[in-house]
Amino acid sequence: MNNDTICALATANGVGALGIIRVSGNESLAVVQKSFPGKNLEKQKSHTIHYGYFMDGDEAIDEVMLSIFLAPKSFTTENSVEIAFHGSPHIGKRILETLTKNGARMAKAGEFTLRAFINGRIDLSQAEAIADVIASENEASRKVAINQLKGGITNEISILRTDLLNFVSLIELELDFAEEDVEFADRSALNQLLNKIELKLNSLIESFQYGNAIKNGTAVAIIGKPNAGKSTLLNALLKEERAIVSSIAGTTRDTIEEVLHIKGHAFRLIDTAGLRETADEIEAIGVKKAKEKVENANILVYLADAATEDFSDDIEMIQSLVRDDLKLIICATKIDEVIPTKYEKVEDTFRNEITHEFDFITISAVENQNIQDLKNELSSYVEQLQSQESNVVITNQRHFASLQKSLEAVHKVNEAITFKISTELLAYELRNALEHLGEISGEVTNDEVLGNIFSKFCIGK
């Protein structure tokens, strides 16, 4: 595979001022040279730019600029050329067709990054970070992805693996001298190291909840009885008329999802159908969907109309929806329609009946009263997830799974030491811990894992 010269469009499809086509492989200069007469590209220095016409035989396809990157000082560590052309999709297509006639082939998804990994320029976690940087939609996700691209998680894991590797070597040495019953590895020192590693692994694992919120956004289900003001609140948060607002109960039949960015964090707001018993088949489906959304939400914002006299249905609904890991915010809505002493009684009512911890906010979405308080409460939820013990945040499910397996292996090693289990078993569990840590950086991997990771990249990256 690495002997081929590959090419692909590196910029987004569609019309633009410029487009860029990437070419990589040991023969990339020769392939491009066939369509770039007048200058010997193989005699040019690395990191230089050259102007001319890209030709298909005697026909000039476009006026272009070529950027040359000679091995090993390129993204893939191979000879590479980037062709900047006028951003017409048709011109890009013609250039790619000509390159394939010249001896290149179209790159597969993620193949440039795969070559960078295989050739040792980046490790596997850095390769995944490249995809995360491209996909980042807010400031927090960008920062975390850039930190990982710079080797943040790799550096953390490398220290753990190096310490473990020293002990594995000593344990393996003991196996070579098993008949002489000697110990080269200090068990108490190994136990101290394992405790240190366990603390670090726990810290990284715990950061996944924050990392997942950064990468995928925090799911916020907006729930309440019909006409509690759910759609009005969604519109107020988004500052646009996204949902239909009507005095007619049951207007919202389906869930509406929109993304709101607060202080660099993404929140996936889910406006749902009003919760009530209904004979309307379509509305009933919407109510069922609303309950399903709460099951997958991180935050439940429950709206209760402050003008209501009886909150028994609201209390019963909240108690049926809450769970231990769900943040609950109860909002007394339409406070512009009632006197302050009324919504103070509302809070007392919920405090007396709801055992699950919750925050209480009074709002008027119509008058935009205290909407910022709700935003601050949403933001504080994500900020409280962030661990202060490490700058590294785990955002990748694969990394999370490997860390959990490593922690499990470390526990087993500790048990082996405590109960003085055989050196063979101790060595086996130590190797397990090393292997799972190595899966993160790609020091231990297989073709199936690589295929799955790089198939998710865009072509041209």
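Y53 sits in strand β3; strands here are DSSP runs of E, at least two residues, and helices runs of H or I, at least four, numbered from the N terminus. This is a predicted model, in which local features need pLDDT of at least 70 and side-chain atom pairs 80 or more, while totals for chains, interfaces and linings use all residues. Residues are numbered from 1 along each chain as its sequence is written, and side-chain values use heavy atoms, without hydrogens and water.

Y53 is partly exposed, at 43% relative accessible area. Buried means under 20%, exposed over 50%, and partly exposed in between, with a 1.4 Å probe and protein chains only. Together with I49, Y51 and M65, Y53 forms a nonpolar patch on the surface, with about 430 Å² of accessible area. Areas are Shrake-Rupley values with a 1.4 Å probe. Strand β3, residues 48-56, gives the most to this patch, three residues.

E309 lies in the loop between β10 and α10 and counts as exposed because its relative accessibility is 68%.

Now the helix. Which residues of α10 are buried? They are D314, I315, M317, I318 and L321. They are on the same side of α10 because they cover an arc of only 165° around the axis, taken from the directions to the C-beta atoms. The face turned away carries the exposed residues E316 and S320.

Technical notes: Patch = residues over 30% accessible without salt bridge, like charges linked within 9 Å, V, L, I, M, F, W, Y side chains within 5 Å. Salt bridge = Lys/Arg side-chain N within 4 Å of Asp/Glu carboxyl O.
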